[in-house]
Amino acid sequence: MSVFIKGMGLIAPNWDCENKKFHIDPNSNLIPYLTCMEPDYKKFINPVAIRRMSKILKMGTTSAKIALNDAGLDNVDAIVLGTGFGCFSDTTVFLDAMLDNAEKQLTPTAFIQSTHNSVNSQIALMLKCNGYNYTYSHGGLSFENALTDAIMLLNDKDAENVLVGGFDEITDLMYTSMKSAGWCVGDTIFGESCGMFVLTNVESDFNYCKIDDIRTSTTEVDFGRNIFRFLEDNNLHINDLDLILEGSTDTRWLTEQKLAPDVPLFEMWKHITGESMTATVNALNFAASIIKTQQIPDELVIKGRIKSNYEKVLILNNFRNLTQSLILVSKC
Amino acid sequence: MSHRVFITGIGITSAIGGNVPECLDSLMNSRHGVDIVTLLDTIHKDFPLGEIKLLNKQLCEIAGLPDDETLTRTTLLGLISVKEALKNSGIENISDSRIGFISGTTVGGMSRTELAYDKTIPGNIIDTHDCGESTNRIASILGISGYSATISTACSSSANSIMLSARMIQNELLDKAIAGGTDSLSRFTLNGFNSLMILDKDHCKPFDAERRGINLGEGAAYLVLETEESLVKSNRKPLCELKGWANANDAYHQTASSPDGNGAYLAISKAITKSGLNPEDIDYINAHGTGTDNNDLSEGIAIERIFGNKVPPISSTKPLTGHTLGASGAIEAVLSVLAIKNKLIYPNLNFKTKIPELTFTPNIELRTNAIVRNVLSNSFGFGGNNTSLIFSAID
């Protein structure tokens with residue numbers, strides 16, 4: 001059974017989610033991390049509901065709505081999301097209130113919204129979706145967990161359309177904590193994003209692309225070898241790839257010293273949309289768009305040999321050398 | 001897709017015991033573990049908790065590790081139960097890539113985050129905060145290298161781990177899985193539930209007309225799931241079979257359950273359909289039964305919609321263990337397995353008065369030598385996340 005991307009919604013730094021193209025923010029270097037270009041949420045979500053929502057809830061529900069609109073659907077059969085840090089901002093709001101007020105007279109709003117599955121449930125509420133509803137929070141593989149599950153639901157025919165996505169937000173406190181914890185090595189720029197996809201097992205001319213395979217690993221010594229094993233299992237040679245979206249930050253697996261000259265065209269997207277535990281959502285969105293439009297946006301900086309068409313794209317992500325994921329997408 | 005899924009090992013640590021034999025002894029004696037707060041540093045000493053009365057360094061010792069401040073309480077509780085489950089199942093080659101590890105937790109390393117947050121302890125608030133950290137740490141200490149995932153769907157987290165594992169086994173993605181969850185008590189959680197005004201200052205009274213709320217608890221439990229083929233290879237006898245599972249969403253409110261219990265109704269009825277059983281085949285229901293006004297009524301209505309006036313013996317074991325949140329689904333799964341193996345139906349402690357809107361009352365005495373072939377275990381969480389599992393005796 002094949003699994004296709006039918007619709008997408010992305011809220012990310014330097015990305016205009018309404019027009020679905022890059023919009024480089026000239027002021028983005030004023031703070032040491034990248035924040036999302038937020039849309040006018042009222043265009044997508046009930047304004048009454050918006051007032052009670054924190055930023056991550058607004059981004060989650062809105063990007064879901066954009067993905068459903070893009071797929072031409074009013075509802076899905078299942079909602080499966082991944083998040084590394086969950087609703088971190090609400091978590092710290094509640095922690096601050098708890099410590100400042102010595103555990104007295106606390107209001108529950110931030111606590112309720114801090115729950116990792118609050119974005120899932122807000123989307124379910126918005127759509128009145130009674131179906132399967134899962135939230136994964138597994139570090140740098142949170143979105144990959146969700147994608148693996150969504151593919152299984154479609155293979156089992158437990159669902160025909162699944163909303164799958166990943167989200168993470170960044171705050172000043174998160175950034176300073178990451179910095180002091182030694183996470184900001186090399187040229188890593190942390191960011192945030194919220195990417196949603198409608199996956200389906202129904203073939204259609206309107207689908208963006210096919211998801212051929214996904215694999216994850218947590219054993220660093222295997223990261224290099226895994227790429228070749230993964231391609232082999234999909235009956236491919238590295239030269240068969242038309243593009244690699246490479247999400248390493250401090251270690252460049254595919255730079256000249258490692259795998260060249262075999263490497264085809266490749267691009268490292270994290271300089272535009274930033275690093276986070278669910279940064280893969282950005283690359284999957286770009287890969288699907290490139291395959292559908294056969295165009296690479298100017299903002300993505302290409303290295304390597306240029307190919308005339310884009311049929312097979314490998315997304316390679318690596319979070320802090322702790323986790324690695326490989327996703328192979330291809331033309332329908 | 002026809003693969004049957006068997007349980008071959010269990011491990012548990014909770015307020016009623018640090019391992020399976022201790023918990024079984026407490027269950028046989030209806031001895032609860034909900035008591036006054038002695039470990040958690042909070043001003044809310046008036047809410048009884050299901051605390052595990054051991055310090056982190058004592059947990060390190062039990063886990064066979066040197067005292068390590070970077071190991072969160074969530075990781076330690078999880079580690080102890082995973083080790084017990086592995087030993088119980090007789091798994092030898094834990095690094096086999098066909099063995100998965102799926103864990104659930106609500107707040108991961110929060111008990112450590114909140115101490116670093118106000119500088120009570122040194123260190124940053126990020127390294128051990130995220131939910132996946134406890135899963136990865138346990139996997140790395142034990143050398144588990146197969147597929148791994150962490151689920152955080154509030155109080156149904158670890159029931160969902162068990163369900164995901166079963167689905168992965170049926171899809172032939174795994175031969176075996178270690179599935180469960182872990183959660184430690186934190187000030188964050190206690191204050192959060194207190195701000196919602198759903199904690200009971202007395203011992204909780206699930207399914208009682210006078211119920212006032214939850215007693216929180218902590219703990220961990222893991223089960224080893226295997227295919228039939230894998231059992232043939234190891235020539236081991238399973239403890240029971242996992243026959244049914246389902247997850248559905250109430251899509252009603254962020255924290256409250258719907259008046260008609262629709263999400264719960266969908267989860268229970270789909271799980272029964274999946275198991276191939278009929279409602280009358282269920283011998284015991286281990287209810288979610290938190291003791292809140294809202295849950296017990298909503299869950300009760302859903303149960304009546306399915307079982308009519310023939311509701312099987314039902315009890316909530318949360319007055320025994322406290323509500324262990326992300327771990328509760330797995331803890332109650334282990335209790336369900338023990339009910340089948342030992343022919344037990346547990347009492348719903350502290351019950352006095354029937355809920356007027358419901359027709360049934362919970363089972364209040366421990367029943368021994370009971371016929372317990374099929375157990376339905378419910379786990380419902382915030383965000384309307386409802387999961388039901390069905391455990392069955394081996395034919």
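Modeller: The model is predicted. The domain assignment divides chain A into domain 1, residues 3-200, and domain 2, residues 209-330. The C-alpha centres of these two domains of chain A are 23 Å apart.

Biologist: How many residues of domain 1 of chain A are in contact with domain 2 of chain A?

Modeller: On the domain 1 side there are 44 residues, in contact with 30 residues of domain 2 of chain A. The elements giving two or more residues to the domain 1 side include strand S1 (3-11), helix H6 (142-155) and strand S6 (161-168) of chain A. H6(A) gives the most, with 6 residues. By class, the domain 1 side has 24 nonpolar, 15 polar and 5 charged residues.

Biologist: Which residues have the most contacts inside the largest nonpolar core?

Modeller: They are Val162(A), Ala287(A), Leu223(B), Leu225(B) and Val334(B), in a core of 216 residues. Helix H12 (residues 328-342) of chain B supplies the largest share of this core, 9 residues. Leaving aside residues up to four places away in sequence, Ala287(A) touches Leu245(A), Val313(A), Ile315(A) and Val329(A).

Biologist: At what angle do the axes of H3 of chain A and H7 of chain B cross?

Modeller: The axes of H3 (residues 88-100) of chain A and H7 (residues 187-195) of chain B cross at roughly 85 degrees and come within 11 Å. Angles of 65 to 115 degrees count as roughly perpendicular, and H3(A) and H7(B) are therefore roughly perpendicular to each other. H3(A) contributes Phe94(A), Leu95(A) and Met98(A) to the contact, while H7(B) contributes Arg187(B), Phe188(B), Asn191(B) and Gly192(B). The contact has 4 nonpolar, 2 polar and 1 charged residues.

Key
Residues numbered from 1 in each chain as written. Chains lettered and ligands numbered in written order. Predicted model: local features only at pLDDT ≥ 70, side-chain atom pairs only at ≥ 80, totals over all residues. Axes fitted to C-alpha atoms, helices over the stretch in contact; angles between N-to-C directions. Helix = DSSP H or I, 4+ residues; strand = E, 2+ residues; numbered from the N terminus. Parallel < 35°, antiparallel > 145°, perpendicular 65-115°, else oblique. Contact = placed C-beta atoms within 7 Å. Nonpolar A, V, L, I, M, F, W, Y, C, P; charged D, E, K, R; others polar. Core = buried A, V, L, I, M, F, W, Y, C linked by C-beta atoms within 7 Å. Buried ≥ 20, exposed ≤ 12 C-beta atoms within 10 Å, placed from the backbone. Domains from an automatic or database assignment.
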